Amino acid sequence: MTIDSFILDLPKCELHVHIEGTLEPELKFALAARNGVTLPFTDAAQMRAAYAFHDLPSFLALYYGGMDVLLTEADFYDLAMAYLTRAHAQTVLYAEIFFDPQAHTARGVRFGAVIDGLRRAQMDAERLLGVRSQLIMCFLRDLSADSAMATLLESLPYKAWIVGVGLDSDEKGNPPAKFACVFARARDEGFQLTMHCDVNQEDSVGHIWDCVNLIGVSRIDHGVNALEDPSLCALLAERGLGLTVCPISNAFVTDGPQTDVVGRMMDLGMRVTVNSDDPAYFGGYIAENFVLVQRDLNLGPEGLAKLSRNAFEAAWLPRSQKDRYLAVVDRYLAVSQG
Ligand code: ADE
Ligand code: ZN
């Protein structure tokens, strides 16, 4: 078995994927045709060629503009079903999926249309493919805390369908503290908490500290700058906080894939995980991210299985379900080495 096929078949858990970031150009064109939306590109190849980002804001501008084709419940169903089908083909057994309701409700799409479509796809994917998933509702940090709070309140009738809340979009000038009240309310409502701490932002390290001490998150999305502060690393390791690193994404919006960071975090006993972020925009799903990490760190089966175990450990699942997934990873490793 080659190391690439080991990676492809390794039972995996994805914890950092934005469902809107899985919108492939081909599906964008199909939805545009269905909804009578005109796209500023002639075909999918031309659209892909325009995906040239140099930092987070340049990516986000194109990314949010590309969501205009998502209008109906059926669109969100098709989007999520396409992702879950791809995830299943890469042996993702379980995924926690971000969605950005404000990016849709601001365009006049009903919150119910978004979540009904996503939920129906989740149910079908579990029944037809056996891939399980839960939703994480992200607030857009460049909008106000009031807007985030209104979104949180709007989501409450759907609480049973949402495992946690997160924070994404442009971090510059939008620190964790801006959303302390919203996240405190989310905690009271029973949601799990995470936040993006994107790479090389102003005061990235301070933001990670605030995520832990002020907000009380149980995971951090990206968070690679934690390595600049040994005491922060020690705390994250001691608490077993998951860090959802996305190497291919990092290569697009920073100066490199930060794969060395994954190795250093593993060495420090931190619960680092490997994920895809916005695979339709960055050109790689979870398996391609694992392959990149494997190449750069020269990881063998044990190291790769460790990354997969980290993700199941960091998942927002009951202990008994984590243990079942961990046993599947262990069995896979034993059989592939036997
Ligand atoms: N939205 C989608 N991907 C993102 C990322 N990597 N950082 C912040 N917001 C995002
Ligand atoms: Zn992200």
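**View 1. Polar contacts of ligand 1.** A polar side-chain atom of histidine 18 lies 3.3 Å from a nitrogen atom of ligand 1, a polar contact being a pair of N or O atoms within 3.5 Å. A polar side-chain atom of aspartate 278 is 2.7 Å from a nitrogen atom of the ligand, and a polar backbone atom of serine 169 is 2.8 Å from one. The protein buries 99% of the 260 Å² that ligand 1 exposes when taken alone (Shrake-Rupley method, 1.4 Å probe). This is a predicted model, in which local features need pLDDT of at least 70 and side-chain atom pairs count only at pLDDT 80 or more, while totals for chains, interfaces and linings use all residues. Side-chain values use heavy atoms, with hydrogens and water left out, and residues are numbered from 1 along each chain as its sequence is written.

**View 2. The shell around ligand 1.** The residues around the ligand include Leu56, Phe59, Leu60, Tyr63, Asp168, His196 and Asp277; a residue is near a molecule if one of its heavy atoms lies within 4 Å of it. The shell divides into 4 nonpolar, 4 polar and 4 charged residues, with Asp, Glu, Lys and Arg counted as charged, Ala, Val, Leu, Ile, Met, Phe, Trp, Tyr, Cys and Pro as nonpolar, and the others, Gly among them, as polar. Helix 4 (residues 56-65) gives the most to this shell, with 4 residues; helices are DSSP runs (H or I) of at least four residues.

**View 3. Lysine 28 in helix 2.** Lysine 28 is found in helix 2 (residues 25-35). Lysine 28 counts as buried because its relative accessibility is 3% (buried means under 20% relative accessible area, 1.4 Å probe, protein chains only). The C-alpha atoms of lysine 28 and leucine 70 are 8.4 Å apart in space, and the two residues are 42 residues apart in sequence.

Technical notes:
Chains are lettered from A and ligands numbered from 1 in the order in which they are written. A polar contact is a pair of N or O atoms within 3.5 Å; within protein, one must be able to donate a hydrogen and the other to accept it, and residues adjacent in sequence count only if both atoms are side-chain atoms. Helices (H or I, at least four residues) and strands (E, at least two) are DSSP runs, numbered from the N terminus. Buried means under 20% relative accessible area, exposed over 50%, partly exposed in between (1.4 Å probe, protein chains only).
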